[in-house]
Amino acid sequence: MSLKLKVSNITKQYDGVPVLKGVSLSFEDSGIYVLMGDNGSGKSTLLRICALLEVPDNGSAVYETGGIPALPDIQLKRRITLVLPGVGVFNTSVLQNVLYGLNIRGMGRHEALNKAEAAIEYVGLVHKKDQNALTLSSGETRRLGLARALAIEPEILFLDEPAAFVDSKNREIIEEIILNVGKERHRTVIMTTHNRERAERLSERVFFLENGNLRPV
Amino acid sequence: MDYLAEGFLKAIRLILSFDTELTKIILLSLKVSGLALGAATVLGLPVAAIMGLKRIPMKGVLVTVFNTFMGLPPVAVGLFVYLILSRRGPLGFMGLLYTPSAMVIAQTILAFPIVVSLCHAALVSVDPIIRQASRTLGATERQAAVAVIKEARYGIMSGVIAALGRVMAEVGAILIVGGNIAGYTRVMTTTIAMETDKGDFELALALGIILIGISLIINFALHLVQQKGARKFT
């Protein structure tokens with residue numbers, strides 16, 4: 001992969017309560033990485049900092065861009081994406097949701113449509129393409145979140161609890177998509193989960209967060 | 001009771017005959033209220049967006065002020081605009097008093113806080129995750145703000161339609177600043193007030209029926225917009 005992420009000694013606290021207490025790790029090769037931990041362990045905060053949605057109190061999350069000098073913030077942000085646990089779908093059709101990320105990049109209509117339709121097909125939502133996204137089930141919404149992210153072809157894909165609180169059928173589909181993206185598409189997927197079985201099923205590179213500290217699994 | 005039925009029949013006949021005076025009054029009403037609504041929306045929507053999407057000092061005070069101004073008494077607004085536009089007022093040199101422009105100004109002032117308050121409420125009711133999701137997909141701050149505005153579209157439309165309802169039914173302010181001059185500043189509500197005063201109910205009733213019809217259409221549109229917006233929660 002051309003984008004490499006190095007996290008150094010990150011600390012973060014909310015209202016005086018420490019959430020991350022000096023976390024360091026790096027993601028250099030493509031594939032699937034899992035941040036595992038219980039609720040409140042700091043894994044979502046770490047993911048948001050890595051995805052440049054939040055700024056750490058101390059330490060840094062630095063992207064190495066493969067020889068290219070430091071990119072403007074927005075250009076770097078457009079090479080990565082994070083699918084939030086709640087996804088945050090727009091009150092419009094499934095297709096328009098997936099087109100959003102492509103349209104804001106100024107992509108041509110025809111190319112954008114092709115990419116969006118391919119992403120929708122990849123997550124198995126073709127039959128719901130023209131349906132309002134807010135009418136989708138919880139599992140389908142997660143799959144839409146994945147389609148929206150995959151359409152913009154990120155070099156690093158962050159997923160915050162992508163299969164939590166969904167039915168078993170959708171969970172299987174989501175896990176298969178993640179495995180395919182990591183292995184077949186040679187992309188970097190960094191995801192969180194609190195489920196040990198799921199973590200081990202998806203990756204051999206599992207990091208365990210406990211009370212804001214990283215510890216060996 | 002006969003005079004009521006007779007007046008009502010005459011009013012219907014007047015409407016069906018497409019009376020020139022009646023048509024002129026209706027068109028001027030729609031023009032004044034439409035322009036006022038357009039101005040209030042153009043001015044009010046950015047204010048609502050800044051209040052709803054930016055961190056600004058005294059936001060709570062501003063929200064309270066605009067909420068209070070939603071119920072501005074039209075006669076007080078009329079008086080205020082009259083004093084500003086009268087010959088001795090600061091804008092008296094413009095010669096706008098007793099013109100349709102003065103009526104548009106007065107109605108804009110009445111509609112502006114309604115547009116700001118209701119559009120602000122619509123914007124802040126959008127789930128914060130929408131803005132975050134836009135940013136995760138690569139949106140700039142401006143693009144993320146546009147995404148939030150798009151999500152609030154039904155609430156924004158409701159606010160604009162509610163403001164239209166308010167200005168269409170308003171009489172006090174435009175009577176003071178427009179002067180109810182026949183063929184020039186006479187609109188539906190001022191005509192109804194004047195004709196009723198004269199005891200001539202034919203034209204007043206005809207305009208009353210049309211005004212109620214317009215109010216019904218506005219409220220029906222509002223209902224449709226709200227229903228469409230509410231669909232996402234069902």
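Which helix of chain B holds B:Phe112? B:Phe112 is found in helix α5 of chain B, which covers residues 100-124. Before going further, note that this is a predicted model. The predictor gives the complex an ipTM of 0.92 and a pTM of 0.86. For chain B, the mean pLDDT is 92, and 97% of the residues reach 70 or more. Among the elements of chain B, α5(B) has the highest mean pLDDT, at 97. The lowest, 82, belongs to helix α1 of chain B, residues 2-16. Where pLDDT is low, predicted coordinates should not be read in detail.

Stay with B:Phe112 for a moment. Why does B:Phe112 count as buried? It has 22 C-beta neighbours inside 10 Å, and the cut-off for buried is 20 or more. Set aside the neighbours within four places in sequence. B:Phe112 is then in contact with B:Ala40, B:Leu43 and B:Gly44. B:Gly38 lies 74 residues away from B:Phe112 along the chain, yet their C-alpha atoms are separated by 9.9 Å.

Now to where the two chains meet. The contact takes 20 residues from chain A and 14 residues from chain B. On the chain A side, three elements each supply at least two residues: α2 (73-77), β5 (80-83) and α3 (94-103). By class, this side of chain A has 11 nonpolar, five polar and four charged residues.

One of those elements, α3(A), is mostly covered. Eight of its 10 residues are buried. They are A:Val94, A:Leu95, A:Asn97, A:Val98, A:Leu99, A:Tyr100, A:Gly101 and A:Leu102. What do the buried residues of α3(A) pack against? They pack against two helices of chain A, α4 (109-122) and α5 (138-151).

Step back to chain A as a whole. Its secondary structure comes to seven helices and nine strands. The C-alpha atoms fill a box of roughly 45 × 40 × 35 Å along the principal axes. For 217 residues, a compact globule would have a radius of gyration near 17 Å; chain A has 17 Å, so the two agree. Of those 217 residues, 46% count as buried. Consider the contacts in chain A with a separation of 6 or more. Residues 24 or more positions apart account for 72% of them.

The strands come next. One open sheet of chain A has six strands, in the order β5-β6-β7-β3-β8-β9, with mixed pairing. β5 and β9 (213-215) stand at the edges; each has a single partner strand, so one side of each is left without a neighbour in the sheet. The twist averages 20° from one strand to the next.

Strand β3 (residues 31-36) runs parallel to strand β7 (residues 188-193) of chain A, and six bridges join them. In this pairing, A:Leu35 has A:Thr192 in β7(A) as its bridge partner. Four bridges join β3(A) to strand β8 (residues 205-210) of chain A, again in parallel. Here A:Val34 stands opposite A:Val206. A:Phe208 has A:Arg215 as its bridge partner in β9(A). β8(A) and β9(A) form a hairpin with two residues between the strands, in which A:Asn211 takes a positive phi near 50°. Helix α6 of chain A, residues 168-183, lies across β3, β6 (156-160) and β7 of chain A. Its angle to β7(A) is about 145°.

Chain A also has an open sheet of three strands. Its order is β2-β1-β4, with antiparallel pairing. The edge strands are β2 (17-27) and β4 (58-64) of chain A, each pairing on one side only. Neighbouring strands of this sheet are turned by 15° against each other on average, direction ignored. Strand β1 (residues 4-14) of chain A runs antiparallel to β4(A), with six bridges joining them. Across that pairing, A:Lys4 stands opposite A:Glu64. Which helix packs on this sheet? Helix α1 of chain A, residues 43-50, does, touching β1, β2 and β4 of chain A. The direction of α1(A) makes about 125° with that of β1(A).

Technical notes: Residues are numbered from 1 along each chain as its sequence is written. Chains are lettered from A and ligands numbered from 1 in the order in which they are written. This is a predicted model: local features need pLDDT of at least 70, side-chain atom pairs count only at pLDDT 80 or more; totals for chains, interfaces and linings use all residues. A residue is buried if 20 or more other C-beta atoms lie within 10 Å of its own, exposed if 12 or fewer, and partly exposed in between; C-beta atoms are placed from the backbone. Two residues are in contact if their C-beta atoms, placed from the backbone, lie within 7 Å. Ala, Val, Leu, Ile, Met, Phe, Trp, Tyr, Cys and Pro count as nonpolar, Asp, Glu, Lys and Arg as charged, and the others, Gly among them, as polar. The radius of gyration is taken over C-alpha atoms; the globule rule is 2.2 Å times the number of residues to the power 0.38. Two strands pair if DSSP finds at least two bridges between them. Axes are lines fitted to C-alpha atoms, for helices over the stretch in contact, and angles run from 0 to 180 degrees between N-to-C directions. pLDDT is the predictor's confidence in each residue, from 0 to 100.
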